[in-house]
Amino acid sequence: AAYTAETARRIRKTLSRRRSLWAVGTIVAGGAITFQDDVQHGNLLFHSSHAGVGEADLESAAVAAQRSSRVLQALMKNMYDYRATLQYEGDESLRQANLKACHQRCADRTLRVLEKNGSIFIKLGQHLSSMNYLLPLEWTQTFIPLQDKCPESSYEAIEAMFITDTGQPISSHFDGFDREPIGAASLAQVHLATMKHTGLKVAVKVQHPALQEWVPLDLALTRFTFAVLKHFFPAYDLEWLSNEMEQSLPQELDFALEGSNARLTKRHFSVIKDCPLVVPDVLWGRKRILVMEYIAGHRIDDLTYLDSNRIDRDEVSAALARIFNEMIFGDNCALHCDPHGGNIAVRHNGQRQRHNFDIILYDHGLYREIPRELKIDYAKMWLAVIDADEQTMRKYAHRVAGIVDEQFPLFASAITGRDYRVVSRSVVSARSQEEKEVISGAMGEGMLQQLVQLLGQ
């Protein structure tokens with residue numbers, strides 16, 4: 001903790017002596033010290049039983065300092081890199097080339113930190129990888145591997161967690177349990193197993209045991225990073241992203257809640273005719289362990305698999321739209337809020353009448369209940385978009401998101417990906433070359449910065 005505080009002090013001295021940055025640094029240092037106090041009060045479950053308490057404390061403090069140091073060093077280097085790059089005022093084509101190279105360097109540097117720290121930093125990287133509407137391509141493309149390639153927890157750590165959470169070892173629950181996971185994500189990994197007595201093949205989702213120890217510190221580091229970025233680059237206020245993580249993580253870390261969400265979604269879609277959605281059955285769950293029916297599939301962007309099984313890509317796209325429109329607009333249905341490529345799969349199914357495939361939806365940890373009034377307003381807003389009814393669009397954009405008149409052109413372009421002038425005429429018309437050039441030019445003239453500010457509000 002002392003090393004972490006010293007590192008933060010040096011960076012504050014290097015970057016700025018302003019009082020606001022001192023305040024942010026104090027939050028991080030204080031959070032780290034508070035966290036270490038929690039460790040000292042007995043949260044040492046995953047340290048070796050042969051180590052003494054004092055030795056375990058030192059080990060935790062060293063790891064905390066190392067995690068903090070990685071984040072702070074990458075942050076400082078990236079800020080210096082961008083500042084130096086943005087100061088160039090020469091040839092515009094060279095300036096753009098330098099900026100793209102800077103994007104790539106900083107993205108690569110950040111990726112290494114996310115991968116080494118693991119934990120919620122992987123989750124953060126997954127969020128960023130899907131923000132191609134906001135972040136440079138170099139960032140989003142670089143973070144795509146985080147959707148599927150995540151650190152793995154050891155079998156020994158998983159066994160210890162089973163004993164702590166259920167009072168029994170893994171062998172008491174299953175006749176067979178594969179020691180190697182079939183997949184690992186930011187918060188958990190999945191093992192194949194065979195249920196006792198029934199012989200049913202199941203997927204056992206287990207939370208990474210170390211999360212319980214590191215989440216408080218990692219959230220503090222995330223808050224610190226976005227606060228510093230906002231301080232030095234006010235046009236890029238992404239604090240809303242760290243705030244969102246602090247709201248959503250408690251839900252995602254409760255696997256009993258995930259099991260309940262999965263059951264409710266399965267029940268809701270089971271009565272919708274010709275809907276190809278498949279949700280694996282949930283057998284039982286605890287806060288950090290979830291046992292489900294094992295259903296395998298292929299990524300929805302595996303075009304070779306789709307084509308070899310004569311699965312129509314347009315039909316898959318339409319089915320996905322139908323499923324998520326039902327979650328957004330349907331009565332008594334919650335919205336799955338983490339539908340990235342690793343959580344959706346497709347498999348061939350020749351038994352269906354309308355489709356020849358299933359859409360499999362995994363990871364039901366993060367759901368949101370959308371109030372009925374908001375669903376109605378949101379539906380009316382999109383009907384107005386389709387009808388090119390600008391006055392009604394403005395009315396419901398304000399009711400849905402508090403969008404005022406001067407913000408509306410940006411908002412309309414952001415949600416449709418079209419030039420605002422086209423949206424007010426016909427959003428279903430084909431994009432002209434002129435429109436593509438207008439949108440591209442707007443992105444280079446500050447539209448992204450305006451969009452970040454809008455999201456921050």
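1. A residue counts as buried under 20% relative accessible area and as exposed over 50%, with partly exposed in between. At 25% relative accessibility, Arg-95 therefore falls in the partly exposed class. The model discussed in this note is a predicted one.

2. Arg-95 sits in helix 4, which covers residues 92-117. Leaving out residues up to four places away in sequence, Arg-95 touches Leu-86 and Tyr-88. Thr-85 is 10 residues from Arg-95 along the chain, and the C-alpha atoms of the two are separated by 8.0 Å.

3. On the overall fold: the protein contains 17 helices and 12 strands. Of its 457 residues, 46% are buried. Among contacts with a separation of 6 or more, 65% are between residues 24 or more positions apart.

4. In soluble globular proteins, nonpolar side chains tend to be buried together. Here the largest nonpolar core has 61 residues. Tyr-82, Ile-120, Leu-128, Met-131, Trp-139, Phe-143 and Phe-408 are the members with the most contacts inside this core. Helix 8 (residues 211-232) gives the core its largest share, 10 residues. Another core, of 31 residues, lies apart from it; Val-282, Ala-334, Val-346 and Ile-359 are among its members.

5. Ile-120 can be taken as an example from the 61-residue core. Neighbours within four places in sequence aside, Ile-120 is in contact with Leu-187, Leu-211, Val-215, Asp-218, Leu-219, Thr-222, Met-245 and Leu-249. Helix 5 is the run 120-129, and helix 8 is the run 211-232.

6. The second largest pocket has a volume of about 860 Å³. Its lining has 40 residues, and Gly-183, Val-190, Gly-342, Asn-343 and Tyr-362 lie nearest its centre. By class, the lining divides into 19 nonpolar, 13 polar and 8 charged residues.

7. Several elements each supply at least two residues to the lining of this second largest pocket. The helices are helix 5 (120-129) and helix 10. The strands are strand 2 (183-184), strand 3 (188-195), strand 4 (201-207), strand 7 (289-293), strand 8 (298-299) and strand 10 (344-348).

8. Helix 10, residues 255-269, also holds His-268. Is this histidine, His-268, buried or exposed? His-268 is buried, because its relative accessible area is 17% and the cut-off for buried is under 20%. The side chain of His-268 reaches the backbone oxygen of Asn-332 at 3.5 Å. Apart from residues up to four places away in sequence, His-268 touches Glu-326, Asp-331, Asn-332 and Cys-333.

9. Most residues other than glycine have a negative phi. Arg-310 is not a glycine, yet has a positive phi of about 55°. Arg-310 is placed in the loop between helix 11 (303-308) and helix 12 (313-329). With a relative accessibility of 76%, Arg-310 counts as exposed.

10. Ala-388 also has a positive phi, near 55°, in a residue other than glycine. Ala-388 lies in the loop between helix 13 (372-387) and helix 14 (390-401). Ala-388 is buried, with a relative accessible area of 18%, whereas Arg-310 is exposed.

Key
Residues numbered from 1 in each chain as written. Predicted model: local features only at pLDDT ≥ 70, side-chain atom pairs only at ≥ 80, totals over all residues. Heavy atoms only, no water. Helix = DSSP H or I, 4+ residues; strand = E, 2+ residues; numbered from the N terminus. Buried < 20%, exposed > 50% of the residue type's maximum accessible area, 1.4 Å probe, protein only. Polar contact = N/O pair within 3.5 Å; in protein donor to acceptor, adjacent residues only side chain to side chain. Contact = heavy atoms within 4.5 Å. 1 Å grid on protein atoms, 1.4 Å probe; cavity = no way out; pocket = protein on both sides within 12 Å on 5 of 7 lines; lining within 4 Å. Points joined across faces, edges and corners; volume = space filled by probe spheres on them. Nonpolar A, V, L, I, M, F, W, Y, C, P; charged D, E, K, R; others polar. Core = buried A, V, L, I, M, F, W, Y, C linked by side-chain atoms within 4.5 Å.
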